[in-house]
Amino acid sequence: MTPPTPPADPRSLPATADAVIVGAGFAGLATARELALAGLDVVVLEAEGIPGYHASGRNAAMARRLIEEPAVAALADRGLTLLRELPSDVPLFAETGGLLVGKEALLERLASVAATLPSLQTERWTPAEAVARVPALAGADIDGGLFVPGDGVVDIHALLSALLAPVRRHTFFDTPVCGIERAHGAVSAVITARGRIITPRVIDAAGFRANAVAALAGLPALPFRPVRRHLFVTAPTELVRRDAPWVWDGTMGWYFRREGAGLLMCACDQTAWHDDQPTDPPVDPGAKDALAEKFDRAVPGLREVRPARGWAGLRILTPDDRFVIGADPRVPGFTWVAGLGGHGMTTACAVGALGALAALGRPLPEVYRAAFDPVRFG
C-alpha cells in the first residue's frame with residue numbers, strides 16, 4: 001500500500017516550539033508523538049513530501065526481536081509490545097511468527113540473547129522440524145533454527161500513519177532544515193526556507209541526513225555508514241504456505257516471507273552509499289541476478305521461484321551495530337535519534353520513548369544509556 005502524497009502545504013511555520021523534530025520516519029514521528037503526549041508543543045520538519053520516504057517506508061516489514069546485539073534486542077522486544085498497543089484504525093501487526101535459521105554458532109549466540117529477555121518465547125527447531133513447517137527449506141545448509149512465535153509482519157504505512165496521527169497538524173513536509181542557531185552554546189532556533197522557529201530543543205532523526213543536520217549545529221560527524229539494500233517480490237507461488245513464518249538465515253545472509261500471492265526475498269546485500277550519490281538509490285541492474293544466484297545455492301527448494309520486481313532502500317549502520325540515542329553534551333538542546341540500522345520499524349515506539357526522555361533531559365534506562373550514547377565513538 002502506497003501512502004497518499006500530501007497536498008502542497010499552505011501553512012506558515014509556527015514562530016516558536018518546545019521541540020523541533022527533524023525527520024518524519026519511524027524515529028522522528030515516534031519521538032514527536034511521545035513529546036506531544038507529554039504536553040510539549042512540537043513541530044516535525046520533513047525534507048520529503050511524505051512520511052517515511054526512505055528507510056522507514058522501504059523495509060521488509062518483518063518484526064524481528066531476536067537480534068545479536070543485546071541492547072537492540074531488548075529495545076525491539078519493548079518496541080513490539082508498544083506497537084501492539086498503538087491506537088490505529090486498521091490492524092498494524094500480523095503474528096506469523098519468525099524463524100531464524102543458520103549454523104550452530106549463530107544459533108548459540110541468539111539463544112544467549114534470548115535468555116536475557118524473559119518475555120521473549122523461543123523454540124529450538126532441528127533442521128527436520130524447520131522443514132516440516134517450511135518445506136521450501138529442504139536442502140538448505142542449516143543446523144536448525146530458533147522459532148519466535150510472537151514475531152510477524154507489520155503494515156509499515158499504517159504504522160507511519162498511526163505515529164503521525166497525534167502530530168499531523170504540526171508536521172510540515174517538503175521543509176528541509178538549512179540552519180540551527182545557538183545562543184550561549186545551546187540550541188536556540190531552527191532555520192528553514194519557510195521560516196525560523198525559536199526552540200530550545202532539536203531532535204535529529206534525519207536518517208541518512210543525520211550528520212548533515214548535526215553539522216548545522218556545529219557538531220562533528222558520527223561514523224554512520226549508509227548502505228543500499230535490495231528487496232524483490234516474486235511471481236505467485238504456493239511453495240511457501242500463506243501461514244508460514246518469515247525465515248531469516250543470519251549465517252548466509254538471506255530472508256524471505258509471504259507477500260501477497262508471492263514471496264518477498266532479500267539477499268542481505270549492503271552496498272556502501274555516499275553523500276554525493278542520489279538520496280533515492282536506484283535498483284542495481286545486477287541485484288536481481290545476484291539474489292537469484294544466492295537463493296539457488298542456499299535454498300534449493302525455491303529454485304523455481306524467480307524475483308520479478310524490486311526496489312532499493314537505505315540502512316544507516318554504526319560500527320558497533322547499536323543505535324545513537326541521547327542528548328549531545330557538546331550542544332545543549334541537541335538530541336540524536338539515529339543509526340537504527342534496519343531495526344527502526346520494530347523498535348520505533350520504544351525508540352520514541354527514549355528519544356523523548358533524552359530531549360527532556362532525563363536519563364535513559366541503564367541498559368540503553370552507555371550502549372546508545374552519542375559520544376561513545378570519541
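Biologist: Is cysteine 268 buried or exposed?

Modeller: Cysteine 268 is buried, because its relative accessible area is 17%. Buried means under 20% relative accessible area, exposed over 50%, and partly exposed in between, with a 1.4 Å probe and protein chains only. This is a predicted model, where local features need pLDDT of at least 70, side-chain atom pairs count only at pLDDT 80 or more, and totals for chains, interfaces and linings use all residues. Residues are numbered from 1 along each chain as its sequence is written, and side-chain values use heavy atoms, with hydrogens and water left out.

Biologist: How many disulfides are there?

Modeller: Zero disulfides, taking a disulfide as a pair of cysteine sulfur atoms within 2.5 Å. Cysteine 266 is in none, and its nearest cysteine sulfur, on cysteine 268, is 4.6 Å away. Cysteine 268 is in no disulfide either.

Biologist: And cysteine 266, buried or exposed?

Modeller: Buried, since its relative accessible area is 0%.

Biologist: Which residue is the bridge partner of cysteine 266?

Modeller: Tyrosine 255 is the bridge partner of cysteine 266, which sits in strand 17. Helices (H or I, at least four residues) and strands (E, at least two) are DSSP runs, numbered from the N terminus.

Biologist: How buried is strand 17 as a whole?

Modeller: Five of the five residues of strand 17 (residues 262–266) are buried, so the strand is largely enclosed by the rest of the structure.

Biologist: Which strands does it pair with?

Modeller: Strand 16 (residues 254–259) is one, antiparallel over five bridges. Strand 14 (residues 225–234) is another, antiparallel over two bridges. Two strands pair if DSSP finds at least two bridges between them.

Biologist: Who faces whom there?

Modeller: Valine 233 stands opposite leucine 264 in strand 17. Phenylalanine 256 stands opposite methionine 265 in strand 17.

Biologist: What about the turn between strand 16 and strand 17?

Modeller: That hairpin has two residues between the strands, and glycine 260 takes a positive phi near 65 degrees.

Biologist: And strand 16 itself, how many residues are buried?

Modeller: Five of the six residues of strand 16 are buried, so it is largely enclosed by the rest of the structure. Strand 16 also pairs with strand 15 (residues 246–249), antiparallel over three bridges. In that pairing, valine 247 stands opposite phenylalanine 256. The hairpin of strand 15 and strand 16 has four residues between the strands, and glycine 253 takes a positive phi near 85 degrees.

Biologist: New topic. Which residues touch the most others in the largest nonpolar core?

Modeller: That core has 76 residues, and Ile21, Leu35, Leu66, Leu75, Leu163, Tyr255 and Phe372 touch the most other members. A nonpolar core is a set of buried Ala, Val, Leu, Ile, Met, Phe, Trp, Tyr and Cys residues joined through side-chain atoms within 4.5 Å. A second, separate core has 30 residues, including Leu13, Leu219, Trp273 and Trp336.

Biologist: What does phenylalanine 372 touch?

Modeller: Leaving out residues up to four places away in sequence, phenylalanine 372 touches Ala71, Val72, Leu75, Arg322, Phe323, Val324, Ile325 and Leu354. Contact means heavy atoms within 4.5 Å.

Biologist: Which residues of helix 2 are buried?

Modeller: Among them are Ala71, Val72 and Leu75. Asp77 is on the buried list too. Helix 2 (residues 70–85) has 16 residues, which at 1.5 Å a residue should span 22 Å, and its end C-alpha atoms are 23 Å apart, so the two agree. The expected span is 1.5 Å times one less than the number of residues.

Biologist: Arginine 33, buried or exposed?

Modeller: Arginine 33 counts as buried, because its relative accessibility is 14%. Arginine 33 lies in helix 1 (residues 26–37). Beyond its neighbours within four places in sequence, arginine 33 is in contact with Leu86, Pro87, Ala162, Leu163, Pro166 and Val167.

Biologist: Last one. What is the strand order in the six-stranded sheet?

Modeller: The order is 9-2-1-13-21-20, in an open sheet with mixed pairing. Strand 9 (171–172) and strand 20 (324–327) are the edges, each pairing on one side only. Strand 13 (residues 202–204) and strand 21 (residues 334–338) run parallel, joined by three bridges. Valine 202 has phenylalanine 334 in strand 21 as its bridge partner.
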